[in-house]
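Let's take a walk through this fold, one piece at a time. Keep the viewer open and follow along.

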Amino acid sequence: MVMSYQSITLRWSLPCPLRPPRTLRFSSLLLVPHGSHLQEEQFQFYRSGRCDNEDKTSLSSNYKTQMGLSQDEFSPLSRLTLGNRRCRVRVRVSRLWVASNPNNGTKFGLDALLIDDEGVTMQARALPCYMDRLQQQLVEGKVYALSGFTVRARLKNYMACRNGLMIFIEEQTVVDEIEEDTDSSIPFHSFEFIDFDDVPCRNGDNSLFTDVIGQIVSVEDMGQTWKWNTWRNITFRNLRLRDLSGSELDVVLFGDLGLNFDSEKVFRQGRQAPVIAVFAGMLVQRYAGKGFIVRSSSASKYYLDLDIPQVKEFRASLHDPHILITQLPCQQQNPVNPMEELVKSWRTIEQLKSLNPHELHKTKYLCRANLKGIDCTKPWWYWSCFHCKLSTCGNVGKFRCIQDCPDNRSPVIRYKLDAVIEDATGAMNVMIYDEQARELVGVAAEDLIEETEGDDDGSRCTTEISDVTCWCRSRVFVVSFNNGNFVVKCILNDDALQLSGLVQMAAGGSGLLSQEIGSSASYSCSSQVKEEKMVIKEESEPKPKKLKLTASEAEQTDAK
């Protein structure tokens with residue numbers, strides 16, 4: 001082996017003569033395989049560090065030509081294997097999206113659904129550090145030659161296809177656009193449709209995105225609703241689909257996807273012929289009062305009257321194609337103006353206990369208080385339905401949801417804490433259920449039971465829960481009145497209040513507790529609060545136990 005750096009040469013033999021020469025760049029050092037020739041001007045250009053991605057791509061193509069590798073030699077996606085780094089594939093980018101958490105704006109990467117000549121699909125991801133380059137290079141619908149990528153096992157959640165492998169695009173990945181012929185055999189689209197009757201089975205299962213197809217029968221106007229855990233209003237649009245059996249399914253499009261939905265065009269087309277819609281990259285969720293719906297995620301796309309066999313077959317099988325699309329006002333919305341309405345929601349404990357029945361069921365209220373204690377002599381957990389979180393009847397082996405939800409999932413152990421909160425005006429009992437209780441205790445109820453296995457009398461569990469009152473400082477509780485009890489719906493921290501401008505209203509000892517509710521004299525905040533800053537940050541104080549995240553929460557969260 002001989003090494004060359006200006007006057008020094010490093011050479012090595014490739015195990016396969018058909019493989020292009022490997023070029024490794026370390027500072028100004030360039031390594032070139034023995035038998036490969038690089039023009040002096042190319043060497044100087046590379047060595048100078050002035051070459052960009054396009055120059056590297058050009059050099060890479062020259063290497064392939066020198067080594068006798070045909071531009072038409074591609075590996076099918078079906079033949080890729082785990083850990084493979086030396087394949088070259090020809091694929092169409094069917095879908096492209098930024099995988100992100102809309103609650104806090106965290107970006108996980110640029111994802112794409114790829115299709116090859118055989119119709120095989122595979123998901124690809126470019127991590128955030130490589131996103132900018134790939135977003136400029138990749139365009140939905142175009143065909144590319146990819147090389148220099150890594151094949152890894154698929155992610156546990158948020159996948160657009162069932163392929164067990166996934167392509168990771170990295171710094172050394174070469175992306176070349178291919179001018180395709182008019183008779184290209186690579187499909188433009190690939191979907192994995194499920195029947196409407198099977199939608200409930202996907203609730204809570206984020207391993208695979210949900211694709212549905214149906215006839216649009218109604219479209220609602222845009223609506224807004226307040227989301228406490230992100231401290232902002234979110235926009236949405238509701239639609240309703242009908243399948244060939246007459247079953248209907250609600251679809252919710254959040255954010256820009258709902259805003260950009262051309263409802264006027266849909267209504268016009270619906271007067272002439274049925275509008276068949278495809279919604280891809282969706283998630284299933286259960287909403288109170290609506291049941292199971294499909295909702296948009298960061299990966300969601302919709303297509304109207306798409307020219308694919310499934311849409312043609314669906315249209316030809318319609319029993320009553322002459323159904324006009326109904327235009328409806330938004331049926332369910334609850335927007336909040338933090339400048340006005342949230343200020344009016346502040347109450348002391350004394351004022352909460354004095355509310356009349358009409359006020360009790362009117363809205364949610366905010367109250368600054370300390371967690372005084374938790375009554376662990378009462379049951380602090382319960383068996384709940386996986387889907388609706390309500391209590392179940394029977395036992396673990398044979399249970400039934402009181403709301404008659406599908407029984408395809410085992411019941412889940414959730415918190416039910418009977419707590420006391422206290423401020424300067426008094427104290428009152430509140431119920432704190434699973435999500436909010438887990439935030440306080442620092443561990444899921446099921447995990448707490450497992451960690452204290454062998455605790456016959458339950459003393460260790462109750463000690464863990466009771467200890468919460470020792471380190472919990474004053475907090476802002478969002479409460480509502482349900483079934484004769486005040487229930488904690490959300491627990492806010494000072495970071496969220498500071499970002500929203502309500503921290504002055506929550507501050508104790510400022511005279512607020514004695515002021516008339518609804519007064520705006522002590523409230524001041526810039527109305528130009530940027531939406532992207534209105535995010536709840538993690539607690540700064542230590543917790544007794546580190547919260548165990550599920551794989552879904554750790555990798556990516558696509559809650560609305």
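Let's start with Tyr158, which sits in the loop between strand 7 and strand 8. This is a predicted model, and in it Tyr158 has a positive phi of about 60 degrees even though it isn't a glycine. Is Tyr158 buried or exposed? With a relative accessible area of 3%, Tyr158 is buried.

Asp305 is another non-glycine with a positive phi, here about 50 degrees. Asp305 belongs to the loop between strand 16 and helix 6 (309-316). Its relative accessible area is 29%, so Asp305 counts as partly exposed.

Strand 7 and strand 8 (residues 165-169) are paired in the antiparallel sense over four bridges, and Ala153 has Leu165 in strand 8 as its bridge partner. Both strands are part of an open sheet of seven strands, ordered 7-8-5-4-3-6-9, with mixed pairing. Strand 7 (150-153) and strand 9 (174-178) are at the edges; each has a single partner strand, so one side of each is left without a neighbour in the sheet. On average, neighbouring strands of this sheet are turned by 40 degrees against each other, direction ignored.

Now look at strand 6, where five of its five residues are buried. Which way do they point? Val143, Ala145 and Ser147 go one way, while Tyr144 and Leu146 go the other. Strand 6 has antiparallel pairing with strand 3 over five bridges, and with strand 9 over five bridges as well.

## Helix 5 and its two faces

Helix 5 (residues 263-272) has buried residues Ser263, Val266, Phe267 and Gly270. These cover an arc of only 100 degrees around the axis, which puts them on the same side of helix 5. What do the buried residues pack against? Their partners are strand 10 (210-220), strand 12 (232-242), strand 16 and strand 17 (326-328). Turned away from that buried side, the face of helix 5 carries the exposed residues Arg271 and Gln272.

## Nonpolar cores

In soluble globular proteins, nonpolar side chains tend to be buried together. The largest nonpolar core here has 33 residues, and Tyr415, Leu417 and Ile432 have the most contacts inside it. Take Ile432: leaving aside its neighbours within four places in sequence, Ile432 is in contact with Leu371, Tyr415, Lys416, Leu417, Ala419, Ala437, Leu440 and Val488. There's also a second, separate core of 26 residues, which includes Leu249, Phe261, Ala277 and Val294.

## Salt bridges

Side chains of opposite charge can pair when their charged atoms come close. How many salt bridges does the structure hold? The count is 18. One of them joins Lys301 to Glu140, with the closest N and O atoms 3.0 Å apart. This pair links distant parts of the chain, 161 residues apart: Lys301 is in strand 16 (residues 301-304), and Glu140 is in the loop between helix 3 and strand 6. Lys301 is partly exposed at 22% relative accessible area, and Glu140 is partly exposed at 35%.

Lys372 and Glu422 form another salt bridge, with their closest N and O atoms 3.6 Å apart. Again distant parts of the chain are linked, with Lys372 in strand 18 (residues 365-374) and Glu422 in strand 22 (residues 412-423), 50 residues apart. Lys372 counts as exposed at 55% relative accessibility, whereas Glu422 counts as partly exposed at 31%.

The side chains of Asp307 and Lys312 also meet in a salt bridge (3.0 Å, N to O), and both residues are exposed. Finally, have a look at Arg240, Arg242, Glu248, Asp250 and Lys290, which are linked in a network of salt bridges.

Technical notes. Residues are numbered from 1 along each chain as its sequence is written. This is a predicted model: local features need pLDDT of at least 70, side-chain atom pairs count only at pLDDT 80 or more; totals for chains, interfaces and linings use all residues. Side-chain values use heavy atoms; hydrogens and water are left out. Two strands pair if DSSP finds at least two bridges between them. Axes are lines fitted to C-alpha atoms, for helices over the stretch in contact, and angles run from 0 to 180 degrees between N-to-C directions. A nonpolar core is a set of buried Ala, Val, Leu, Ile, Met, Phe, Trp, Tyr and Cys residues joined through side-chain atoms within 4.5 Å. Buried means under 20% relative accessible area, exposed over 50%, partly exposed in between (1.4 Å probe, protein chains only). Contact means heavy atoms within 4.5 Å. A salt bridge is a side-chain nitrogen of Lys or Arg within 4 Å of a carboxyl oxygen of Asp or Glu. The arc is that of the directions from the helix axis to the C-beta atoms.
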